[in-house]
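Here is a short briefing to read alongside the sequence and the 3D view. Keep the viewer open and follow each topic in turn.

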2 protein chains.
Amino acid sequence: MSIRFKLIKKSSQGEARAGQIITSRGMIKTPVFMPVGTQATVKSASPEELVSIGAEIILSNTYHLFLRPGQEIISLCGGLHSFMHWDRPILTDSGGYQIFSLGRLRKVTDEGAKFQSHINGSYHLLTPEQVVEFQQLVLGSDIIMPLDECAPYPCTYDHAREAVERTSLWAKRSKETHLHCGMRNAECGIKDLPQLGTRRPASGCPEPETSSLFGIVQGNVYQELRQCSLEDLLALDFSGYALGGLSVGEPKSLLYEVVGYTAPLLPAEKPRYLMGVGPPEDLLTAIELGIDMFDCVIPTRHARTGSVFTSQGLVVIRNAEYARDSSPLDPNCDCYTCRHYSRAYIRHLINCGEILGIRLNTLHNIHFMVNLMRQAREAIIEDRFLEFKKGFLGQYLG
Amino acid sequence: MSIRFKLIKKSSQGEARAGQIITSRGMIKTPVFMPVGTQATVKSASPEELVSIGAEIILSNTYHLFLRPGQEIISLCGGLHSFMHWDRPILTDSGGYQIFSLGRLRKVTDEGAKFQSHINGSYHLLTPEQVVEFQQLVLGSDIIMPLDECAPYPCTYDHAREAVERTSLWAKRSKETHLHCGMRNAECGIKDLPQLGTRRPASGCPEPETSSLFGIVQGNVYQELRQCSLEDLLALDFSGYALGGLSVGEPKSLLYEVVGYTAPLLPAEKPRYLMGVGPPEDLLTAIELGIDMFDCVIPTRHARTGSVFTSQGLVVIRNAEYARDSSPLDPNCDCYTCRHYSRAYIRHLINCGEILGIRLNTLHNIHFMVNLMRQAREAIIEDRFLEFKKGFLGQYLG
């Protein structure tokens, strides 16, 4: 079964939407924040903890899993859900962003992306076909992102145009491969690829299903190119549409501008995903502009460096001012961390390099994001989103 | 309320005992393994996870907590239980072993131990009086260990005798201080020490209680000195007796020999604690010799380096042979880790430096120790301990 998107409510002011994405592994309420599990684990958190926080979908990374542990081991273990003990939906990105971040370690042609592993320097070629096959047949992802070319910021018009053209070319081949894999055709490009039917079903999970493929709109900060990219993708009829190539160093005003003119052009009956974004203020602005799905590493990364989101703004818990603070991270929060631990204790743990400190911060930060999306959704349904956004940001940005 | 020890069953062959330690924070079934929470956290585990494994008491370290975060912060947070969100019993060691491990950074006189912090090189003096006061009035420990002098191995008879004499001198002063603190006398040695009554009670915990003080038998590997040490301590009537100064590099045969001739001399109606021991084979041997309580860092330390205890012996999960192994760490284990994850996944996590790998290994290793004690206890109660030990070691040591 492919995913289905159901629009529940559209804001009367602005483009904000509340919806549902129905998948064979459960329902996802939108707007949604997807915690990032790069290496088949959301750093420091257990699956049960993510469920108890209310995470309905996580993201994992094709590039990292392709290199380590690789297709053979994941296949042997019955696919990504079974491997990592997560039976809710998983979206996997294509590795496009990671490969383009490698800089001089990669070379891109129409065939695909040649690159050197960041782990051991070994050479690899990833084609759009292989990327889809890996996600569909090895990982068993619920939502698949095709290989795209992510242009840097700043970037000339011509460079951005070439990236759009290649992204469209690859999108077409990805779509064909996805249909092809869906028919369980054995002639796949990856050597020794297991047949769908030979995978051990994950215990407690439904049998592997045909997954859904999204399109990724590129075009950098050029409105005309964003439009071209989108038109190419619409012709291919994807299950959802993502905005890629953003949050790569451009100023916030440009990010908002690009989302502002692109999001309303995306089909209303499909989910809309802004890749790699972001801090709370960006999430709320993008929701207002019509975005439904987000992912970002900052809740987990901040947790490790000792920063936590609170209703009053970001708190750097390492700072000496919290050494004698027996209050919770956020007095307005009811997460596990805030119910049981003080700032003084968490600062002590982080100062001592203790893993529990990272765990407690991670749970709090992911809860913060998931809860922000929950509150935003309620506000949209009750048609008071702008009021909610203003109230939240007034406190958060102080 | 002081702890009470109840002997449930003594083995008809050998000295093995099954018992109960009754404390105001819950009952501890013996033999018991105490997970070590050096810096107010059992490395990588949450209190709820320890409870679900069945840990009934944990150990924490006076030396580390005295230096960081220090008495002021722990007092502010309502004592150690409240600070770390653990409402079952805590035993705190005296710091004697840590201070004597500092080598040239410390100087010991009858007054106490002068030492330099391993964290920042600052100078400190810990006296037997301060150590008891800190554990009783700041930490609120349930079981307190007095400051002792731990002689190294190898060690001359004269050096070992001096350490025994000083340990006896300090034991007497510790006992006096403990009585004194119990009477809530304000004239304590630590500056700005909070009064018992001014501590914020830990939520859900009983009010701070007078804790119980153990005696530590020293004497190195000299039977005569062990006997002298014990006689000195018996005259002071402690709530329990520990064997200290072992597991400091001596061969296993000597460890067993010392425990063998010392344990039977300890009062039968008090709990007996072998400090800092050890691997499963040492625990079972010591139980056979009449020991009730153990602590050791190896379950948590092994977890971080990627080694796990199994019924078939120690498994180094980092090894390449486990890369494609979709079976659990131990097929005979029903812990959280073994119910949900494969060796291949855990090896992947450890190889990637992922915290969840350490967490899963930690839960498994602590479960292994707690479960070993549970099985040993059942075997003692059913008077088949030697048979159980033989069966376990036959498999474990291969």
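In this predicted model, helix α11 (residues 298–305) of chain B packs against α14(B) at an angle of about 150°, and their axes lie 8 Å apart. Because an angle over 145 degrees counts as roughly antiparallel, α11(B) is roughly antiparallel to α14(B).

**Helices α11 and α14 of chain B**

- The crossing of α11(B) and α14(B) is right-handed.
- On the α11(B) side, the contact is made by B:Pro299, B:Thr300, B:His302, B:Ala303 and B:Arg304.
- Their partners in α14(B) are B:Ile358, B:Asn361, B:Thr362, B:Asn365, B:Ile366, B:Phe368 and B:Met369.
- Sorted by class, the residues of this contact are six nonpolar, five polar and one charged.

**Helices α13 and α14 of chain A**

- Helix α13 (residues 343–351) of chain A packs with α14(A) at an angle of about 130°, with 7 Å between the axes.
- That angle makes α13(A) oblique to α14(A).
- Here the crossing of α13(A) with α14(A) is left-handed.
- If you want to find the contact in the viewer, look for A:Ile346, A:Leu349 and A:Ile350 in α13(A), which meet A:Leu356, A:Gly357, A:Leu360 and A:Asn361 in α14(A).
- The residues of this contact divide into five nonpolar and two polar, with no charged residue.

**The sheet of chain A and the helix on it**

- In chain A, three strands form an open sheet with antiparallel pairing, in the order β1-β2-β3.
- Its edge strands are β1 (4–10) and β3 (26–30) of chain A, each of which pairs on one side only.
- On average, neighbouring strands of this sheet are turned by 15° against each other, direction ignored.
- β1(A) and strand β2 (residues 17–23) of chain A run antiparallel and are joined by six bridges.
- A:Lys10 stands opposite A:Arg17, which belongs to β2(A).
- Helix α14 (residues 355–381) of chain A packs on this sheet and touches β1, β2 and β3 of chain A. The direction of α14(A) makes about 115° with that of β2(A).

**Two domains in chain A**

- The domain assignment of chain A gives domain 1 (4–192 + 208–296) and domain 2 (303–389).
- The centres of these two domains of chain A, taken over C-alpha atoms, are separated by 27 Å.
- Across the boundary, 26 residues of domain 1 of chain A are in contact with 21 residues of domain 2 of chain A.
- On the domain 1 side, β1, β2, β4 (32–34), α1 (47–53) and α10 (280–288) of chain A each supply at least two residues.
- α10(A) gives the most to that side, with five residues.
- By class, the domain 1 side that touches domain 2 of chain A has 14 nonpolar, six polar and six charged residues.

**Where chain B touches chain A**

- Between the chains, 29 residues of chain B are in contact with 29 residues of chain A.
- α3 (71–76), α4 (80–84), α13 (343–351) and α14 (355–381) of chain B each supply at least two residues of the side of chain B that touches chain A.
- α13(B) gives the most to this side of chain B, with four residues.
- This side of chain B has 16 nonpolar, nine polar and four charged residues.

Conventions:
Residues are numbered from 1 along each chain as its sequence is written. Chains are lettered from A and ligands numbered from 1 in the order in which they are written. This is a predicted model: local features need pLDDT of at least 70, side-chain atom pairs count only at pLDDT 80 or more; totals for chains, interfaces and linings use all residues. Two residues are in contact if their C-beta atoms, placed from the backbone, lie within 7 Å. Ala, Val, Leu, Ile, Met, Phe, Trp, Tyr, Cys and Pro count as nonpolar, Asp, Glu, Lys and Arg as charged, and the others, Gly among them, as polar. Two strands pair if DSSP finds at least two bridges between them. Axes are lines fitted to C-alpha atoms, for helices over the stretch in contact, and angles run from 0 to 180 degrees between N-to-C directions. Domain bounds come from an automatic or database domain assignment. Angles under 35 degrees count as roughly parallel, over 145 as roughly antiparallel, 65 to 115 as roughly perpendicular and the rest as oblique. A crossing is left-handed if the near helix is turned anticlockwise from the far one by less than a right angle, and right-handed if clockwise.
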